Amino acid sequence: MGRIKKTSNKVLVHPSEASPKKRRKGAQPTAGNTTLPVIDKIKERAKQQHKHANSTWKNYGSYIDRGQKWLKVHASTTGCQDEESHSGDAYEDPTFRDALDKIPNQHSDKALALFISYKCFHENNGQSTCDSIHAAFKKYWEEAASDTYRGKWHFNETQKCWEGNPACSAEVQDVIKSVRHKTNSEGGDRTHSIAMSKGFMDRILTWVHKCCPRDKAATKNLTLELRTLITRIVMYQAFSTTAWNLWTRCFELIKLKRKDLTIDPSEPLSTKDLHARFEVFLSNRKGWQRKVDKGLKEADLRSNRYKVYPQPDMPGCDCFFWMLLWLALLERIHYNGELEPDDFIFPAIGSNGIVHRGEHISHDAVQAWIDEATTGAGIPRGGGDSFTTHTYRRGGAQWRWMFAPVGERWTLARVRWWGSWAENENHDTLIRYLLDELSTYENDHSDALCPTQNEADGSLLGERRLVKPACSQDLQLMQQFITADVADLRSDIRILTNTLVSCRNRQPSSTEPLVQRPLCAGTSLPHESPTFVPQQTVPASAPSRTLNPITNSAGTTNFGSRPLPEKGLDIPNLPVRCADGSYAPKKDSWRYIVRHWTEADPRRGLHVALRDWPAKWLKGKNKAIFGSKYHQRALIALEFLEQYQGNKSAFLAAYPEYEEGHTALLTAVKRAKKDRGEIIPRK
């Protein structure tokens, strides 16, 4: 028996009378008179802001701007005076000079091919330049007019117009292939990144201790040079051990901020407590934005979050110890207070040893550290091999997967999670990081002449050699070495005995000067000076060109005598660095000089306006650091405020040099004051 459907009691309501939908939490109300053109502008602005990173747009824009200027210059000089030109050449077409503009024309593919050829064949640039130019113009034309300039470049017979992307034309692709063949045939510099093994990390730690002995780091009165030395050492060790343990890329770690670290203040952290920990969140991890776009799964909520524990058995790789030491040094010595949530963990350091709070360390500075550390530690490298900022990611991954002691090696699933490789990651990536290194080791026969063979091809990493029974030849060889060592020991004891006997029989002369004997190894001073460095190890010199200690003619280390600045004092450098990491235009430097003279700028380290600095801040030990900079800022600021009464138009008209930056402006102000008789030149 069928069921009878009840008559619906729903009443149709006109859309204008319907109740509004509940607005999503966090949504912003929109104006009712929003028009389609306005929404279109919002769409384009959102695409420009969110589709690609700002650095990507900036790099692309530089290549596009250079290409357009290059074409206009060369197109204007090409014409009838060229002996090889013909009346039918495309170069004589007036539209050829506009071929690299936002809307391409029939000559765009040829113009792009010429620009790439000029940069890579005439100027002899490499494959990276070719790829960057191609990617920049391809993206430039794709964004020009929706779907019109995407896909294969061709002429539409129906519409009588060119469609597709000129960067995808056969002309451009042939040039790209030629550049690739040229680079390969010339055998370009091989830039294989060597993996930073645990042994290399230990050698660097030994070199660090030599550069900055414990007695120097434990001194109570720090000079500026010594403080800069210790700062660079601890900062490098914290950076390198963190990159090695968390397998980070350089750009992921240099942008790390204090809010990305979770440290419970109620629980004391000690290297003796093996269960003590703090948490690191890599908010700039590569591929994180892609996960967000796809929608985070429950399993992804803990992605990019890493708990760091002490590793006392691996002092050269102990991220727990070095990170906490660096934070303590940063807060107590440099900032004289706790870090703010948006403060960078690894800030930039000026040549005068002043930490720039609102600016993170650069990629070039990190690479300079690595170069100096590996060179100073005497780590060998083959031809074409180099230690790059990627060396820690490779070395840490290989150690955990195949070089760690038996029982401590990680599974491939854990390696994939820890390195933040996606589940559908290209297998070639993991093979390049892990399996290629293992395959190279097992198929390496360069030690075929070694008396003791590794037999790497017979077991994983040659472990078979470790459990192989000793043969008679091995025992005889071991006996020979022991016999030789015992003979050397007997000889040393005989020499020492004769020396002691001769010293006992010799009577010291009354005119013989007393010589203070050096302390033997392990002998401590009667009292220890207080130090902020924990007793595990004293970090030594961080790799930097300005890090090497100065030695005098006698060979002793001289750490200089430049005084330390007062805590919290700093005068920001120009041009200033903005919040997004870019530098302000040079023409705006005079504005910041006037602002810093009248107002404080705590975000850039200026807590008191320059005009309010008491005279004692610029005397004594601070005079050599801030005196010149303060005087220069005062000349410009007072010229604007007093001589021109704050009249911006008159000031800029009198000093057009402001567009070139504060250095040119300072020269012009000095010249004007000299003409007015306010500055008397030295004779």
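The following paragraphs lead the reader through a predicted model of a protein chain, from its overall make-up to selected details.

Residues are numbered from 1 along each chain as its sequence is written, and side-chain values use heavy atoms, with hydrogens and water left out. Because the model is predicted, local features need a pLDDT of at least 70 and side-chain atom pairs count only at pLDDT 80 or more, whereas totals for chains, interfaces and linings use all residues.

The term pLDDT denotes the predictor's confidence in each residue, from 0 to 100. The protein chain averages a pLDDT of 76, and 71% of the residues score at least 70. Over residues 79-88 the pLDDT is below 50, and this stretch has six contacts in the model beyond near neighbours in sequence; a contact means heavy atoms within 4.5 Å. Residues 509-562 also have a pLDDT below 50, with 97 contacts beyond near neighbours in sequence. Where pLDDT is low, the predicted coordinates should not be read in detail.

The protein chain has 21 helices and 11 strands. Helices (H or I, at least four residues) and strands (E, at least two) are DSSP runs, numbered from the N terminus. Of the 683 residues, 36% count as buried. Buried means under 20% relative accessible area, exposed means over 50%, and partly exposed lies in between, with a 1.4 Å probe and protein chains only. Among contacts between residues at least 6 apart in sequence, 65% join residues at least 24 apart.

One part of the structure to examine is a sheet. Strands of a sheet pair through backbone hydrogen bonds, either parallel or antiparallel. Here an open sheet of three strands has the order β4-β5-β6, with antiparallel pairing. Two strands are said to pair if DSSP finds at least two bridges between them. The edge strands, β4 (261-262) and β6 (305-308), each pair on one side only. Between β4 and β5 there are two bridges, and leucine 261 has valine 280 in β5 as its bridge partner. Strand β5 (residues 278-281) is joined to β6 by four bridges, and phenylalanine 278 stands opposite valine 308 in β6.

In a regular strand the side chains alternate between the two faces of the sheet. In β5, Phe278 and Val280 point one way, Glu279 and Phe281 point the other way, and all are buried. Helix α11 (residues 319-335) packs on the sheet and touches β4, β5 and β6. The direction of α11 makes about 85° with that of β5; such angles run from 0 to 180 degrees between N-to-C directions, and axes are lines fitted to C-alpha atoms, for helices over the stretch in contact.

Attention now turns to a pair of helices. The axes of α8 (residues 224-246) and α13 (residues 391-403) come within 7 Å and cross at roughly 50°. The two helices are therefore oblique to each other. Angles under 35 degrees count as roughly parallel, over 145 as roughly antiparallel, 65 to 115 as roughly perpendicular, and the rest as oblique. Tyr236, Ser240, Ala243, Trp244 and Asn245 in α8 meet Tyr392, Arg393, Gly395, Gly396, Trp399 and Arg400 in α13. These residues divide into five nonpolar, four polar and two charged. In this grouping, Ala, Val, Leu, Ile, Met, Phe, Trp, Tyr, Cys and Pro count as nonpolar, Asp, Glu, Lys and Arg as charged, and the others, Gly among them, as polar.

Several loops also deserve attention. Tryptophan 247 lies in the loop between α8 and α9 (250-254), and its phi is near 60°, a positive value in a residue other than glycine. At 0% relative accessibility, tryptophan 247 counts as buried. Asparagine 124, in the loop between α3 (108-122) and α4 (127-142), likewise has a positive phi, of about 60°, although it is not a glycine. With 48% relative accessibility, asparagine 124 counts as partly exposed.

Isoleucine 379 is placed in the loop between α12 (363-376) and β9 (385-386), and at 6% relative accessibility it counts as buried. Not counting residues up to four places away in sequence, isoleucine 379 touches Phe200, Arg203, Ile204, Thr374 and Phe387. The C-alpha atoms of isoleucine 379 and isoleucine 204 are separated by 8.5 Å, while the two residues are 175 residues apart along the chain. Finally, proline 575 lies in the loop between β11 (557-558) and α18 (589-598), and the peptide bond from leucine 574 to proline 575 is cis, with omega near -5°.
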